[in-house]
Amino acid sequence: MSDIEVPVLQDYVPTPELHVGAMAGLKPFKASPEHQAALGFPGTLVDDWKDVAIRRLGELVEGSRALRVYLDSCVKCGACTDKCHYFLGTADPRNMPVARQDLLRKVYRRYYTWAGRLFPWLVGATDLTEQVLDDWYSYYHQCSQCRRCSVYCPFGIDTAEVSMAAREILDSVGVGQKYCNEILGKVHKIGNNLGLPEPALRNTLEGLEEDVKEATGVDIRFPVDVVGAEVLLITPSADFFAEPHIDGLIGYAKVFHQAGISWTVSSQASEAANFAMFIGSREQMQKVAQRVRDAAIALKVKRIVIGECGHAWRVAYAFWSTLIGPLDFLDPRYPRPQHICELTEGLIARGALKLDPSANDDKVVTFHDSCNVARATRMGDRPGGQFTVPRSVIRSVCAHFVDMDPATIGDRTFCCGGGGGLLTDDLMELRVKGALPRLQALNTVVQDKKVTHMAAICAICKTQFSKVLPYYGLPREMVVSVHQLVGDAIVLGAKE
Amino acid sequence: MSAWTLAYAVLLYVAFVVLVGGVVYRVAIYAMTPAPLRIPTMPAPRTKRGVALRMGREVALFASLFRGDKWAWIWSYLFHASLLLVLLQHLRYVFVPVPAWVVYESPFGSYAAFVLLISLAGLLGRRLMIARVRFVSAPSDYLMLVLLLLIATTGAWMRFAAPVDIVGFKAFMQGVMALDLKPLPASPVIMIHVASVGALMLVFPFSKLLHAPGVFFSPTRNQADTSRLEAQAEGSVAAADAQQRDPGTAAPALREGVR
C-alpha cells in the first residue's frame, strides 16, 4: 500500500503537467498459454506477429464502421485530453484519450492509408515494432473503456472501441491479459467469473437463506434453477459472496419476496458479467451471452432481470438484441431485459413495497453513476432514466440524499478506476490513481454535506471502491449497493 | 495561352476530381462498413427525428465540443462559420449572373476573412501553447493550419490591400468550368491563393479533413436508442385496465408497474 504515490485530495482535480512515460512500465500480468488456448488464442507471441497484427487490424476496420470512422476523423483538437481519469491521476500523456487512440491510429495510417504509406513522418504514422506492441499492451490496459472522452468529442470518437480492437489484436498475436482471459475461461468451464461450481453456489445461497432468516425471522428464498419461475435473475457472481455486494443480493431477494414475484438464478448462467466485451471479442461475447438465453429458455421464465452490474447491463441492454436476440419468448409487458432498479422503482411507484426510510436515517447517501450504465444504457422509458431511476429508488428508501458535483455525475460521471477488465491487483497503482477524480468529488460532499455512504449499481465499482478508498483515508464501508439500502428499508411481512 | 494558365487549369481539374471522387469513395466505404453493435453515447434520442436533431446540434453548433473545451469551441466555431461565409462569397466566380443573395452575402463574406484569420491564429496558438495539444500534434496538423492561413492571408490581401484583376480571374474560372480556357491573370498572389486551395482540395480525402463527412457516420452520434425490446404499449394499457377493474386481485406482476 505504501509504495504507491497516492494523490492528495484537493478542492478540485488539477490538470497535471505532462509526465511522459510515467506509466509506460505498468503492465498487467500476461495470460498463460493455457488461458489463451481456452479462448482459441495463440499461447505465446506468434513468429509472424507483425503480419498477423496488421492483418487483424485490417479485418477489424473492415468489420466496424465505428473503428474506421474514428481512425480517420480525429482532428487532434484536444477536447478529450483532460477528460480521462487515468490521465488526471497519472499525468502520463499517453493516457490522454487521443494519445491512446493514436497508438493504434499511427499504425493504421502507416499500413492502410496513402498519406501514412508515402509520408509517415508528416502525418505521424509509424511502423509496427516491438516497442509499439509493448506500448499497446501497457496503455490499452490503462483504459477502462468508460467512454467519458466520447461524450466531449465533437465527432463522438469512442476510445473504448479503439481499446477493444487493440486488445483483440493483442490476443490474436498471443499476448493476452491474464485477468480477463482466465476469467472468461472460468465462465465457459464453470459458469461464472469466480469459478464457483453449482454445489458451492447452492451451498452459499442456502447459507444466505439461514443468515437472513436469523436476522429477520422471515423465510426469504434464494432459489437456484427453479423451472417455471417468473423471473430469471442474472447478477454478477460477486453478489453471491463479496462485500458489500451480497447485501445488494439480499435486497433483491427481499424485493422479490415482498412483491410476490417468483424468481430464480441459473447455475448454468450464474454470472451477469461478460468480460468478452473488455477484450473486444464479439465471438466470445456472443458465446457468453448465449448461456443466458439458453438458461432462460430451459427454465421457462417470463422475464430476465439484470442485477447491479454496469457492463453486464450494457451488454444486456445494448448488445443482446444483436448477439442473442430477439428475446421475444419473454413476457412482452416488460422491457426485455429489465434492470433490477427498474423493477424496484416500478414496485415502489405502485405502492407494492412497504418501506421504512428511517432504517437508513443514520446515512447521508450519494450515488455513483457507473460508466457503462450512464453512457451506454437507459432505464425506464425516457432518455436519462439511467440517472433518475436509481436515484428515485434511493430517495424512496433513504431520507438523506445528495448528489456530487454535477460535472462528475450523469453522463459526465467519472469511472471508479477499475472498470474495463482492470480490476486486478497487478494494476493497483493505476486503480488507485485513476480513482482520484471520483474520490475528489466524493470527498467534497463528505466534507461539505456530511455524506457517509456512496451507493453504486456495479460490482466492479463496489469492489474497486472498497479497495481504493483506504488509500485516500476514506473508510471502505462507505460503499453500499443500492439494493442494500432498499433491503434495509423494506418492512417484511407487511404484504397487502 | 500561357503555360501557367494550363498548369492551373489542370491543377483545378485534378483537385476537383480527387476531392469529389475521394470523398465519395470514402463515404461509400463508411456506408458499406457494418456497424453490428449499438453504441450510441447515452442518453440518446429514441427516434430518427431525435437523431437528426442531435446530429444537427453537432454539425451546426458543435454541441459536444462546447461541453468539452470552451476555447477550442470558440476558435473552431469562428473558423468554420467564417469559412462558410467566405466560401459563399466565392460563388460569384461560379455563377453568371451572380445571384442576388450572393451579392447581399458578399460584404459578410469579405469581412469574415478577418475572423477567419483570427480564428486560425487562435487554433494555431493553442496547438503550440497547450502542452497536451502539442503532444498529440503531428507536422501535418500544423501544416494544415499554415496552408489555411496562407489561403486566408492571400485572399484578404487581394480583397482589401492590393486588388487584383478579378474580372480576368472570373473569366479564367468560367473558362475552366466551360472547358474553354481563358488566360489566368498574371498575379503572384492569385497564383499562391489558387495553388494553396488546390493543395487543400488534394489532401482532403487523405487527411483528418475527413472529419467533415465522418461525423455523419459516427455510430455514437447517429444511432438511436432502440436496441432493447421495450414493453409493448397495448400490454401496459391492458395491465392498467386490469388493475382499475379489480385492484385487489391484480397479479403481483401487474401491481409492480408494467411499463
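**Reading the labels**

Tutor: Start with B:Phe62, which sits in the loop between α2 (48-61) and α3 of chain B. A quick note: this is a predicted model, where local features need pLDDT of at least 70, side-chain atom pairs count only at pLDDT 80 or more, and totals for chains, interfaces and linings use all residues. Residues are numbered from 1 along each chain as its sequence is written, and chains are lettered from A and ligands numbered from 1 in the order in which they are written.

Student: Why is B:Phe62 called buried?

Tutor: Buried takes 20 or more other C-beta atoms within 10 Å, exposed 12 or fewer, and partly exposed lies in between, with C-beta atoms placed from the backbone. B:Phe62 has 20, so it is buried.

Student: And what makes A:Ala91 partly exposed?

Tutor: A:Ala91 has 19 C-beta neighbours inside 10 Å, so it counts as partly exposed. A:Ala91 also has a positive phi, near 70°, and B:Phe62 has one of about 55°. Most residues other than glycine have a negative phi.

Student: Why is α13(A) called oblique to α22(A)?

Tutor: The axes of helix α13 (residues 245-259) and helix α22 (residues 482-489), both of chain A, come within 7 Å and cross at roughly 50°. Under 35 degrees is roughly parallel, over 145 roughly antiparallel, 65 to 115 roughly perpendicular, and the rest oblique. So α13(A) is oblique to α22(A).

Note on methods. Axes fitted to C-alpha atoms, helices over the stretch in contact; angles between N-to-C directions. Helix = DSSP H or I, 4+ residues; strand = E, 2+ residues; numbered from the N terminus.
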